[in-house]
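Here's a quick walk through one model, from the overall build down to a few single residues. Have the structure open while you read.

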Amino acid sequence: NLDTTNLLVTGGGGFIGSALVEMLLARPGVRVLNLDKVTYAANPEALKRFAREPNYGFARGDICDRPLVERLLAEFRPQGLIHLAAESHVDRSIDDAAGFLQTNIMGTHALLEASLAYWRGLAGSEKEAFRFLHVSTDEVYGSLGPRGLFREDSPYLPNSPYSASKASSDLLVRAWQRTYGLPTITCHASNNYGPRQFPEKLIPLMIIKAQNGEALPVYGKGDNVRDWMHVSDHARGLLMAMERGQIGQTYNLGGGVELNNLELVQRICRMLDQELAGSRRGPHEELITFVPDRPGHDQRYALDIGKARAELGWSPQVEFDQGLADTVRWYLDNRAWWERIQKERYDGVRLGLA
Ligand code: NAD
């Protein structure tokens, strides 16, 4: 029961973490301590907004810093930990994997060790209630052909440095549960979308470039398929896993909306044609440009969410076209938000917005 509880969240300044923290702070009895390094991917506006909330605390720091994590656990005495901090962008991992291995693998190791020591020091109902929820991705399962779905027992076949680092962290979490008994749960999510996603990710990248009249770079033939889930559905699923998940189990959380990249970009273009009627001579689709494929590009991801449905009572609720239209609208209405990122902090290379 999460109604009166202290939760340590890592990566609460990121896209999904900030949606989750917002949801947690709406529950009156919950106190959140957010441990975040505030990398390029963090959202300073969200961090500022949270800072005004009485039930929120912030520690700027690195999950790899085990003494720091130990101190935070000892002082805050949480009933659970939700671990979202990660290096998360596949293209960056292809350019330089070192930071991904450090944060995603060594950082998860530091959190597991600190949590184990803390959990061992708890007693009675506090010890029984504690959960370590690890947030992972469907990308650890590799790539699907045209048919079939990833299940929780699908083999691990990661193909990118990012997914290999996440797979490694999942295996550490599993081992700390099996070997030491740490009460862990792992969730695998499909591609998230929604407002406040960092502009290097596919959906915001396309919205921003299209409204600027710039070319829309689509990898390969645009036929790679992703399963899209609204970030609020993901955050709700994580809380349900925290409340109802079984120790040592893993749960797939997916949106059940499969689209190939070209179809997705075309949908965004049609929405912009309506929203920005008259701002271009032709339809936004004319801006689509095919670029050489990403190395090791997974063909298709799709998740079987039957276990989360049955055991957590969770299912995605945001209807995709509505969620996408709201997201497009959000980026149109919040130009200052992403322009500041472009001007001040964006250091992306591969699909650069500059
Ligand atoms: P994000 O890149 O938007 O945010 C990551 C956050 O972690 C940032 O606030 C950053 O400052 C923080 N961080 C990074 N390194 C850190 C470190 N060493 N110590 C402390 N904080 C650090 O990521 P996101 O898209 O919100 O993803 C959150 C989690 O969900 C990740 O674990 C990711 O692998 C997973 N996930 C994401 C998606 C998706 O579609 N975005 C899908 C499935 C799973």
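## A word on handedness

A crossing of two helices is called right-handed if the near helix is turned clockwise from the far one by less than a right angle, and left-handed if the turn is anticlockwise. Keep that in mind for the helix pairs below. Also keep in mind that this is a predicted model.

## Helix 3 against helix 5

Let's start with helix 3 and helix 5, which cross in the right-handed sense. Helix 5 covers residues 98–120, and the two pack at an angle of about 35° with their axes 9 Å apart.

Which residues of helix 3 meet helix 5? On the helix 3 side they are Arg 66, Val 69, Glu 70 and Leu 73. Their partners in helix 5 are Ala 110, Leu 111, Glu 113, Ala 114, Ser 115, Ala 117 and Tyr 118. Sorted by type, the residues of this contact come out as seven nonpolar, one polar and three charged.

## Helix 10 against helix 12

The next pair is helix 10 (residues 261–275) and helix 12 (residues 320–333), whose axes come within 10 Å and cross at roughly 60°. Helix 10 and helix 12 are therefore oblique to each other. Here, too, the handedness can be given: helix 10 passes helix 12 in a right-handed crossing.

Helix 10 brings Arg 267, Ile 268, Met 271, Leu 272 and Glu 275 to the contact, while helix 12 supplies Leu 324, Ala 325, Val 328, Arg 329 and Leu 332. That contact between helix 10 and helix 12 splits into seven nonpolar, no polar and three charged residues.

## The whole chain

Stepping back, the protein chain has 13 helices and 12 strands. Its C-alpha atoms fill a box of roughly 70 × 45 × 40 Å along the principal axes. A compact globule with 354 residues would have a radius of gyration near 20 Å, and the protein chain has 20 Å, so the two agree.

How much of the protein chain is buried? Buried residues account for 47% of the 354 residues. As for contacts between residues at least 6 apart in sequence, 82% of them join residues at least 24 apart.

## Two arginines with positive phi

Most residues other than glycine have a negative phi. Arg 77 has a positive phi of about 50°, although it is not a glycine. You'll find Arg 77 in the loop between helix 3 (66–76) and strand 4 (80–83). Arg 77 counts as partly exposed because it has 14 C-beta neighbours inside 10 Å.

Arg 196 also isn't a glycine, and its phi is positive at about 70°. Look for Arg 196 in the loop between strand 7 (191–193) and helix 8 (202–211). Is Arg 196 buried or exposed? Arg 196 is buried, because 21 other C-beta atoms lie within 10 Å.

Leu 202 lies in helix 8. Leu 202 has 20 other C-beta atoms within 10 Å, so it is buried; the cut-off for that is 20 or more. Leu 202 and Val 265 are 63 residues apart along the chain, yet 8.7 Å separates their C-alpha atoms.

Ala 310 sits in helix 11 (residues 306–312). Ala 310 counts as exposed because it has 9 C-beta neighbours inside 10 Å. From Ala 310 to Ala 123 it's 187 residues along the chain, and their C-alpha atoms are separated by 31 Å.

Technical notes. Residues are numbered from 1 along each chain as its sequence is written. This is a predicted model: local features need pLDDT of at least 70, side-chain atom pairs count only at pLDDT 80 or more; totals for chains, interfaces and linings use all residues. Axes are lines fitted to C-alpha atoms, for helices over the stretch in contact, and angles run from 0 to 180 degrees between N-to-C directions. Helices (H or I, at least four residues) and strands (E, at least two) are DSSP runs, numbered from the N terminus. Angles under 35 degrees count as roughly parallel, over 145 as roughly antiparallel, 65 to 115 as roughly perpendicular and the rest as oblique. Two residues are in contact if their C-beta atoms, placed from the backbone, lie within 7 Å. Ala, Val, Leu, Ile, Met, Phe, Trp, Tyr, Cys and Pro count as nonpolar, Asp, Glu, Lys and Arg as charged, and the others, Gly among them, as polar. The radius of gyration is taken over C-alpha atoms; the globule rule is 2.2 Å times the number of residues to the power 0.38. A residue is buried if 20 or more other C-beta atoms lie within 10 Å of its own, exposed if 12 or fewer, and partly exposed in between; C-beta atoms are placed from the backbone.
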